[in-house]
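Hi,

Here is the structure I promised to send over. Have a look at it first, and then read on for what turned up when I went through it.

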Amino acid sequence: MKTFCGRANPTTGSMEWFEEGEDYDYHQEIARSRYADMLHDKDRNVKYYQGIRAAVSRVKERGEKAIVLDIGTGTGLLSMMAASAGADFCYAIEVFKPMANAAVKIVEKNGFSDKIKVINKHSTEVTVGPDGDMQCRANILVTELFDTELIGEGALPTYEHAHKYLVQEGCEAVPHRATVYVQLVESRRMWSWKKLFPVHVEAEDGEKILVPPSEMENCPGVPSVCDIQLNQMPSSDFSTLSDVVTMFSVDFSKPVQSASTYYRVQLEPVKSGKAQIVLSWWDIDMDPLGMINCTMAPYWVKPTSALQWRDHWMQCVYFLPREEPVLQGEKLYLTACRDEYSVWYSLQKAREGENKADEEEHKADVGVESPVCRCRAHLLWNRPRFGELNDQNRTRRYIRALRKVLKTDSVCLCISDGSLLPVLAHYLGAKQVQCMQPSRIDLYHPHELWQAFLKANHLEDKIKIIEARPELLKPSHLEDKKISVLVGEPFFTTSLLPWHNLYFWYARTAVSPHLASNVTVLPQSASLHVMIVEFQDLWRIRSPCGTCEGFDVQTMDDMIKDSLNFRESKEAEPHPLWEYPCKSLSDPQEVVTFDFTKTVPQHCLSTEGSLKLLRKGKSHGAVLWMEYHLTADISVSTGLMQVSNEKGNCEWNPHCKQAVYFFSSVIESEILSDPTAVTYAINFDTKTGEIAMDFKL
């Protein structure tokens, strides 16, 4: 069977679909999976083991055989824990075939083949009875079906079905219950991921203010959760308006309902402010008494306990539909609505002198419909992009650069998706401004959003939207004038890796016939930078585990390694490094330059060199990012902002993902009198727009 895979094509700025062999999808799934991260999660594994031992003991004390159902077994780890804790038999369900095959091997290698049966099916297709997949219903239900939002991977419908058809009434469950916690906060930084703030521009004829259209102002956004490593959010970036409260909990040992519902709690703000954000996380009790607890609580909630780093479970940021001013001590209701897979929140103020009957009526007002983006901006821009457009320092750099290059007779063309540059160029005095948004996102009609933008700022007749691809640009689009200033951020919605925005160079090449001979291109060039780093924790997601709680899981390590090596050359992968602390072991180095004043050359751009390791540490990998040189002295970095101290701690651009190339083996640099070097070979293929790289230690 063939698989169709979408990939960004940096030469066309489009998502393109390629036919891949049947193995491709499976290798991608394994290579980019979080299995290694879960196996390295010591806290999770220890707590599961304790909970499973206790559940098996409780069943045995009742004089019953311990029959375990493990849904979503993965490596078979939890079933092996149950078998070694004395369970009589385990049914381990795994729907993903390569994973089920690996589980069979791992179970066999650890000597549990007689106690564990791996079933390669979705749990809803499992049969029970003498001729079924399971001989009888289980009396212990073990699962790990949770994501950061708790229910996003379908835990509720899976539990609902299991209780109806696969487990006995009154069964033991590990985990026994999950509890979701919330805290109301004000945060300009997080709110900037949902709203577009007004932009102030000092023009020749006074200050101009660029405002978002009203439909964007009042839009509830998209319902998908924003999951982040909240432990990397400094306390100076948010202000807590309420105590932490329990929103809801689910008892997994009893029948579970997956139908849409809502939960409501009363809150009293501990200080006055603007309620914008609901922060949320959960914990799981592995036993009925809650003695064995595994929590995702962030650093300020449990400041004394050591935090377990994990990437498979993080914390949630939910955006309220609109900002609500709240007063210390006033009575509020926070409502969580959920369907089978997602949660969303709304805040209501209690009415003056409200009694119980009013409260019931208040409950009836709750709509359980999931929020839908009406303004289209939230479909076109992801949350980091909102943050980027709201970054005043960044905008000021573009304004400074535009001031240097624009003249009163400038004919300006902007090529970037959903960019504010055309408006800035108009306010700063360009005679004629056109814009192109070439990424083919036909579904969202970016032009309609842009039209609303121009209308809200009375600029419909000042800026022209060209609804054509760069290669189809005609003189008539430009009123037969030549372009004297070509600008781009550059930003394109289809870009995944930092260098995919080099599509600007291809677009610049396509519009060459329409450029004036003395054209100014902004940015004038770009450069690719690289640096060797030691990660505090991110290395775990690609690190072999060997043994986990005494069980041999080497088969899984080999499987991940094979999948990572499935392509001839290893690839870099995108990660938002502000969430993943690291320290630099080498200086940052500029390795390739791309000259936008010229067209894309026919030949490849290749370079080789070495990076000296200047600090002690473990070289986990290389980080790569782009810098755009707007003018000779004004640049914008999509990666490293600064190395903040002697230890080499890095600060990264929080609006962009950087490219991380994990080394297959780690070297420790100890003695620095004779610095070790990492050699690199980097090749930019101008035909495909892709970068191939190789590093040797």
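Predicted model: local features only at pLDDT ≥ 70, side-chain atom pairs only at ≥ 80, totals over all residues.

**What I found**

Let me start with a loop residue: Arg376 sits in the loop that runs between α9 (356-364) and α10 (377-380).

His458 is another non-glycine residue with a positive phi, here about 55 degrees. You will find His458 in the loop between α14 (446-456) and β22 (463-465). At 63% relative accessibility, His458 is exposed, because the cut-off for that is over 50%.

While you are looking at the backbone, there are two cis peptide bonds to check. One runs from Val174 to Pro175, with omega near 0 degrees, and Pro175 belongs to the loop between β7 (167-174) and β8 (177-186). Another joins Leu522 and Pro523, with omega about 5 degrees. Pro523 is in the loop between β24 and β25 (525-535).

Now for the inside. The largest nonpolar core takes in 110 residues, and Leu69, Met247, Leu334 and Tyr345 have the most contacts within it. Strand β15 (residues 273-285) contributes the most to this core, with seven residues. There is also a second, separate core of 93 residues, which includes Cys412, Ala425, Leu478 and Ile682.

On to the helices. The axes of α3 (residues 42-61) and α4 (residues 77-84) come within 9 Å and cross at roughly 40 degrees, which makes α3 oblique to α4. The crossing of α3 past α4 is right-handed. On the α3 side the contact is made by Arg44, Asn45, Tyr48, Tyr49, Ile52 and Val56, and they meet Leu77, Leu78, Met81, Ala82 and Ser84 of α4. By type, the residues of this contact between α3 and α4 are eight nonpolar, two polar and one charged.

α4 itself is mostly covered, with seven of its eight residues buried. Those buried residues are Leu77, Leu78, Ser79, Met80, Met81, Ala82 and Ala83. Just after α4, Gly86 has a positive phi of about 105 degrees.

Another helix pair is α5 (residues 97-109) and α16 (residues 554-564), which pack at an angle of about 145 degrees with their axes 9 Å apart. Here Pro98, Met99, Ala102, Lys105, Ile106 and Lys109 from α5 meet Gln554, Thr555, Met556 and Met559 from α16. The residues of the contact of α5 with α16 come out as six nonpolar, two polar and two charged.

Then have a look at α15 (residues 503-510). Six of its eight residues are buried, so this helix is largely enclosed by the rest of the structure. The buried ones are Tyr503, Phe504, Trp505, Tyr506, Ala507 and Arg508. And what covers them? The cover over the buried residues of α15 includes β20 (411-415), β23 (483-487), β24 (515-522), β30 (589-595), β31 (605-612) and β37 (677-685).

Gln229 lies between β11 (226-228) and β12 (239-240), and Gln229 is buried, with a relative accessible area of 5%. Sequence neighbours within four places aside, Gln229 is in contact with Trp309, Arg310, Asp311, Met314, Gln315, Glu579 and Tyr580.

Ser342 is in the loop between β18 (332-338) and β19 (343-349). Is Ser342 buried or exposed? At 15% relative accessibility, Ser342 counts as buried. Residues up to four places away in sequence aside, Ser342 touches Glu149, Ile151 and Cys337.

Cheers

Terms used. Residues numbered from 1 in each chain as written. Heavy atoms only, no water. Core = buried A, V, L, I, M, F, W, Y, C linked by side-chain atoms within 4.5 Å. Buried < 20%, exposed > 50% of the residue type's maximum accessible area, 1.4 Å probe, protein only. Helix = DSSP H or I, 4+ residues; strand = E, 2+ residues; numbered from the N terminus. Axes fitted to C-alpha atoms, helices over the stretch in contact; angles between N-to-C directions. Parallel < 35°, antiparallel > 145°, perpendicular 65-115°, else oblique. Left-handed = near helix turned anticlockwise from the far one by under 90°. Contact = heavy atoms within 4.5 Å. Nonpolar A, V, L, I, M, F, W, Y, C, P; charged D, E, K, R; others polar.
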